[in-house]
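Visitor: I would like to learn how to read a structure like this one. Please show it, and then take the features in turn.

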Amino acid sequence: MEAFAHQVIAGLATGGIYASLALALVMIYNATHHVNFAQGELAMFATYLCWTMLNAGWSYWAAFFATLAIAFVLGAAIERIIVRPVESAPVLTVVVVFIGLLVILNSLAGWIYTYTIKSFPSPFPAAPPFGSHLVTSHELGAICVTLIVLLLIFLFFRYTPLGLAMRAASQNPDSSRLVGIRVGWMLALGWGMAAAIGATAGMMVAPIVFLDPNMMAGILLYAFAAALIGGIDNPGGAVLGGFLVGVLENLIGAYVIGTELKLTVALVLIVGVLIVRPAGLFGKVIVTRV
Amino acid sequence: MAVLLEVRNLRAGYGATQVLHGLDFSIEEGSITALLGANGAGKTTTLRALCKMVRINGEVRFAGERIDGKSTEDIVRLGIAHVPDGRGTFTSLTTEENLRLGAFARRDKAALAEDYERVYRLYPILKERRGQQAGTLSGGQQQMLAISRALMLRPRLLLLDEPSFGLAPLIVKEIFAVMREINREHKVTILLVEQNAAMALNLSDRAHLLETGRIVLSGSSEEVKRNDAVRKSYLGY
Amino acid sequence: MEAATTTTTLAPLPSEKAATRALPFSRAQITGAAALLVIACALPFFLSNYRTFQASMVLIYAIALLGLNILTGFNGQISLGHGAFFAIGAYVTAILMDKFGVPYWVCLPLAGAVCLLAGFLFGLPALRLEGIYLALATFALGVALPQLLKYKHFEGWTGGVQGIVLIKPDPPFSSLFGLKLNPDRWFFFVTLFVTIVMFALAWNLLRGRVGRALVAIRDHPIAASTMGIDNALYKSLAFGVSAMYTGIAGALGGIAVAFVAPDSFTIFVSITLVVGMVIGGLASISGAFYGALFVQFVPNIADQISKAAPWAIYGTLMIVFMYVMPTGIAGALRLAWARLKRSRQDNTAA
């Protein structure tokens, strides 16, 4: 029973990471109707930047917040410079650009930091909280960080004028322009925020899986699954989907199929959701009239 | 009275198709002007051209300043509010959020409370349903919301695209009455695009008739109403 | 920067205008093709073994890219996981050759058949996935594949992480018209033969009813079905045929490299195929060759520019091409040719 509880809680911890990345994906999807295939690599790259700062002697939280700021700027810049020119191009063109980004970031990380695995510190103590057997401090800490980030995002979109403007811009760009919203900048902002959220995910997962240029590929897959399960246009759904997928991954890995086929599990989840219920649990079902 | 909007040789189109072939007209501050014409004449395109939502050639001056080179967002900030055809409601947001967005470009946030009051006084139903998702409002209510959203900008010029479209006659009467009040009480200049020529000519001071992208008749609304061709083609008698 | 807008000028279907002629080729085209064939046959005797191997790889990529193009370029179904079929073709061939001693020339059609079936089966659920969602699903397939190939319960067949080592087949005769043959040269001719056959089949398929149906489904699926086209059947068949082509290419590739292992088939193979297709030119048969040349030689060039980050150059080129030449090399050539013809017409008319 204890082993089961531990799997569930560990699943929630990784689930929080999937939830964050899935949220980033959904934010960009809502704003642009594009799936950002490079989201994982952006997060990985940001985490490497954090590692550089830590190596230079910065304290953890200073490096953490600096990384968020840099990731934000990087995301916004990528949107304005690289994505903007192909905004209204056919799907395949956009996909190729995103894949190109993925490849560039992955390669740059490998070049600058080499492919040797590095360890990445956790800001949380090594000893388990309250001497518990069920959860490590990092797992608990990661869950808390995820929840704080999600809460802040929710409050931002719900209660701030800028958040309202961003929601408006993604729903109805024409009407948004008519009330004076600079839609282009809202998109850049969305990308920046998504990149920062992805960076949190990267920094929370790196202590567990170790820092390596290919560390986010599998996590990206799970984030895709989470976003699809929750509904690709539903942020809350993405978050729930993330936690669900995290727990499922652990339980299936521990009790059904072993831990060596995790990516195949993600693949099956993705294909399964897309076939059985493409709108996910909470997404809008789009009916196209002929 | 001063000229608020001056348009010279306005040309506009979509892609390879040119829709407006050189419009010339001006609007005096404080007046209500009607833009009439059949379907496809270019009325909606004219309003969109003024807001730079389509590519244009020609000169457009607002309060003496050239705006044909500016972007939609900047034009809005100068005090031009556009109620597009189809209302342009943010359907997934609440009524109140729609109104809040209308005030997005405002600098003087202090006067906002006053404007909410004004809008709710004009359309009490909006106050009642302010927490409701805007997409679930009826057509007439959404039109009220669209106009209110435009008013939240405290515009000097209000552009309205077919406000009567798809609405019951009683509701249309109400909306037109509100427009008269906005113009008289709050000194908002109005440019109104309408297929319902009769109501538009009753409300407006001046009118222009558009046919296939050209202005073919201009004058005071009284004159236009009495014009034989207009009577036969657009007023039905 | 204004890049591709919603309509791009894609290649007209092969020989639409030529269909009216008695022979579907102009004399110039026939002479050109014959010349190319002679050059191709002569190549291996002038190049080193390594270069001959590279030439074989170009042909192999061309077949693979043609396969992907049938699905994505002509039929509009985006696949970011076609490396999976490349891998299946390679592994089927390797297992048959290594475990069962099947001769390579039997393995090729067998690998093709397995991939045809696999593609068709994958195409069935894919019917319900549009655009970006299909891209997502196939991307997941591409990422998950190496792990699946390494799975310990399959190790008996796949050789696990170490993979399977193959022996390049010996030429059946030691010389041809007095010119010496060796395994690399012989394999080049085998590949050349397969390439010609596959391209001829594809050309024939795509210029007829099937090709038009595929394009109709890509451009206006609803209109296509109202015209009586069975969308589901054509789309699944497109998947199957596409997989078969890439699978046969994979089979050839496995033999050429004489080695198959899970880490040879990462997501980067799938990405390479997409890049080659897009840069060569969507919905273009000749585009497959331009793409293959790009994919085979540009990484080498990128490697020389930056030893450590060739893929960064690759990625940058991908993005730049999307801004500047979204219809690919084939598309750019076609535009240039059309402009040349128009200016010639203007000159004669003037």
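Visitor: Where does helix H5 of chain C bend, and by about how much?

Guide: A bend at a residue is the angle between axes fitted to the seven residues ending there and the seven starting there. H5(C) bends by about 35° at Val143(C), and a proline, Pro146(C), follows within four residues. Helices (H or I, at least four residues) and strands (E, at least two) are DSSP runs, numbered from the N terminus. The model is predicted: local features need pLDDT of at least 70, side-chain atom pairs count only at pLDDT 80 or more, and totals for chains, interfaces and linings use all residues. Residues are numbered from 1 along each chain as its sequence is written, while chains are lettered from A and ligands numbered from 1 in the order in which they are written.

Visitor: What span should the 19 residues of H5(C) have?

Guide: The expected span of a helix is 1.5 Å times one less than its number of residues. For H5(C) this gives 27 Å, and its end C-alpha atoms are 27 Å apart, so the two agree.

Visitor: How many residues of H5(C) are buried?

Guide: A residue is buried if 20 or more other C-beta atoms lie within 10 Å of its own, exposed if 12 or fewer, and partly exposed in between, with C-beta atoms placed from the backbone. In H5(C), 15 of the 19 residues are buried, and the helix is mostly covered.

Visitor: Which pair of chains shares the most contacts?

Guide: Of the 2 pairs in contact, it is chains A and C. Between chains A and B, 15 residues of chain A are in contact with 18 of chain B. H6(A) gives the most to that side of chain A, with 6 residues. The residues of the side of chain A that touches chain B divide into 7 nonpolar, 4 polar and 4 charged. No contact joins chain B and chain C, whose closest C-alpha atoms lie 12 Å apart.

Visitor: What is the radius of gyration of chain B?

Guide: The radius of gyration is taken over C-alpha atoms, and the globule rule is 2.2 Å times the number of residues to the power 0.38. For 237 residues a compact globule would have a value near 18 Å, and chain B has 17 Å, which agrees. Chain B has 10 helices and 10 strands, and 45% of its residues count as buried.

Visitor: What is the strand order in the open sheet of 4 strands in chain B?

Guide: Two strands pair if DSSP finds at least two bridges between them. The order is S2-S1-S4-S5 in chain B, with antiparallel pairing. S2(B) and S5(B) stand at the edges with a single partner strand each, so one side of each is left without a neighbour in the sheet. S4(B) and S5(B) are joined by 2 bridges, and Phe62(B) has Glu65(B) as its bridge partner.

Visitor: How many residues lie between S9(B) and S10(B) in their hairpin?

Guide: There are 2 residues between them. The strands run antiparallel and are joined by 6 bridges.

Technical notes. Two residues are in contact if their C-beta atoms, placed from the backbone, lie within 7 Å. Ala, Val, Leu, Ile, Met, Phe, Trp, Tyr, Cys and Pro count as nonpolar, Asp, Glu, Lys and Arg as charged, and the others, Gly among them, as polar.
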